[in-house]
Amino acid sequence: LSHNSHRSFGGREVVVEAQRQEAGWGRSVSFWAGVAESLAGYEGDGVMVLRLIISVLSPCSSPTSFNRHSRFVCTLFRHFRSATTAAVSQASSSDHHIRPMDLPSKARKRIGTHSGSFHCDEALGCYIIRLTDKFGGAEIVRTRDEKILDTLDAVLDVGGVYDPSRDRYDHHQRGFDLVFGHGFATKLSSAGLVYKHYGTEIIAKELGVGVQHLDVERVFVGVYRNFIEAVDAIDNGINQYDIDVQPRYVDNTSLSARIGKLNPDWMDEASCEKENAAFNLAMDMAGGEFMQAVRYFARSWLPARTIVADSIAARRESHSSGEIMVLRKFCPWKLHLFELEEELKVETPIKYVIYKDDLAKQWRVQAVSVSPGQFESRKALPSSWRGLRDDDLSKESGIDGCVFVHINGFIGGNMTFDGAVAMAKRALLV
């Protein structure tokens, strides 16, 4: 298990790396990583790295085991306190003051979720809430004891209460039917609840802008639509499709399915140690994929929006019908296309998108699908072209430079831009 926390103060960025090697003491990892949260709110240049390594303590150590290694822990704390004191002394003058001995008090926030078998929603929710300034590095407490839950700073997926003012995020209680908003109709799970209230903070940090920036809202909604909503729906038992038709195949590769498989096997001897260790793995898996999604939307998807919008505006330059769009620079375009068509009130849906394949040094003509995530195209390339290549395809289509058309007709290629445009124009007429 590893946890990195980045904070800035007094002219220096502090990167706290808390690492557990082999069978490390889980609480110490969250404790030491949480110390970095006390450094929040300070800005500046420069970098200081504090590495904290816990390598010998068991997650469920007995008192004897703990006492045997208490000297190690005390020594570790003295090193951290000394390093923090040095950082403060090096900081430029500021209105912010931190006393190193006070730092651990902020690291003691505790987040509760239920014990027993876990699901993707609480694993993801626990990961997301610990990315916030308020709960960075907090300890995870897994229990169903209401007396213990009442003492915790936040509770997810247990307790029968939804009250964001007290950071209570359960969705199992009778009468709960909250959705994300923005036109979505899927009931929220604990992951969706945490994301609804804290997602903009996390995304604003990733983008390096204020939470009110328009781009934050775009990424916020995009990540929900393409990542969080599926977790909400699966946890609440909402089918993706109507069930009047038998599915053609079984798919057990979703994030929720993979998280479920991390639970201890029913044939193994049950123990809190195994269960909690498995839950830590589940948080890491869910959280890692969440951050991949956030970074994709922030660093790749968002910049592509302008390119797609400009291409839609110029689509009639390629064909008077407006049904052919040319991307002068390739980028992720599919999700943007559907959203922008609706936003810009495009009356005639775009049928084909043309772009350059820089690696192959060829041009592609791709049929637009009927909706996001569907394989069926609005207008597939002609059936007589499908499966043909090179000269055979050029002869059949009457267009020079043809390279291929996929057997399903959703994409084809040509050696030149003019050839790709010609393929799209010819396909519109068939």
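The accessible surface of the protein chain amounts to about 22800 Å², and 50% of this area belongs to carbon and sulfur atoms; accessible areas come from the Shrake-Rupley method with a 1.4 Å probe, and for residues only the protein chains shown count as cover. The model is predicted, so that local features need pLDDT of at least 70 and side-chain atom pairs count only at pLDDT 80 or more, while totals for chains, interfaces and linings use all residues. Residues are numbered from 1 along each chain as its sequence is written, and side-chain values use heavy atoms, with hydrogens and water left out.

**Overall architecture**

- The secondary structure of the protein chain comprises 13 helices and 13 strands, where helices (H or I, at least four residues) and strands (E, at least two) are DSSP runs numbered from the N terminus.
- Of the 430 residues in the protein chain, 44% are buried; buried means under 20% relative accessible area, exposed over 50%, and partly exposed in between (1.4 Å probe, protein chains only).
- Contacts (heavy atoms within 4.5 Å) between residues at least 6 apart in sequence join, in 64% of cases, residues at least 24 apart.

**Salt bridges**

- The whole structure contains 15 salt bridges, each defined as a side-chain nitrogen of Lys or Arg within 4 Å of a carboxyl oxygen of Asp or Glu.
- Side chains of opposite charge can pair when their charged atoms come close.
- Glu 275 is paired with Arg 142, with 3.1 Å between the closest N and O atoms of this salt bridge. The pair links distant parts of the chain, since Glu 275 belongs to helix H10 (residues 272–313) and Arg 142 to strand S5 (residues 139–142), 133 residues apart. Arg 142 is buried, at a relative accessible area of 14%.
- Within helix H7 (residues 190–207), Glu 201 and Lys 205 are 4 residues apart, about one turn of the helix. Their salt bridge has its closest N and O atoms 3.2 Å apart, and Lys 205 is partly exposed, with a relative accessible area of 38%.
- Glu 323 and Lys 351 form a salt bridge through their side chains, at 2.5 Å from N to O. Glu 323 lies in the loop between H10 and strand S9 (324–326), and Lys 351 in the loop between helix H11 (334–343) and strand S10 (352–357), so this pair ties together parts that are 28 residues apart in sequence. Glu 323 is buried, with a relative accessible area of 16%, and Lys 351 counts as buried at 15% relative accessibility.
- One network joins Arg 225, Arg 305, Glu 339 and Glu 343 through salt bridges that share partners.

**Largest pocket**

- The volume of the largest pocket is about 2200 Å³. On a 1 Å grid over the protein atoms alone, a pocket is an open set of points where a 1.4 Å probe fits, with protein on both sides within 12 Å along at least five of seven lines, and lining residues have an atom within 4 Å of a point. Grid points are joined across faces, edges and corners, and the volume is the space filled by probe spheres set on the points.
- The lining of the largest pocket consists of 40 residues, and those closest to its centre are Asn 239, Gln 240, Tyr 241, Asp 251 and Gly 373.
- Helix H8 (214–235), helix H9 (255–260), H10 and H11 are the elements that give two or more residues to this lining; H8 supplies the largest share, 8 residues.
- By class, the lining has 20 nonpolar, 13 polar and 7 charged residues. Ala, Val, Leu, Ile, Met, Phe, Trp, Tyr, Cys and Pro count as nonpolar, Asp, Glu, Lys and Arg as charged, and the others, Gly among them, as polar.

**Buried positions in helices**

- Tyr 224 lies in helix H8 and is buried, with a relative accessible area of 0%. Not counting residues up to four places away in sequence, Tyr 224 touches Phe 180, Phe 184, Thr 186, Leu 188, Tyr 195, Glu 229 and Asp 232.
- Tyr 224 and Val 294 are separated by 70 residues in sequence and by 9.7 Å in space, C-alpha to C-alpha.
- Ser 311, in helix H10, is buried at a relative accessible area of 7%. Residues up to four places away in sequence aside, Ser 311 touches Met 325, Val 326, Leu 327 and Arg 328.

- Most residues other than glycine have a negative phi.
- His 182, although not a glycine, has a positive phi of about 55°. His 182 is found in the loop between strand S8 (168–169) and H7, and is partly exposed, with a relative accessible area of 43%.
- Lys 345 is not a glycine and has a positive phi of about 55°. Lys 345 is placed in the loop between H11 and S10, and is exposed, with a relative accessible area of 68%.
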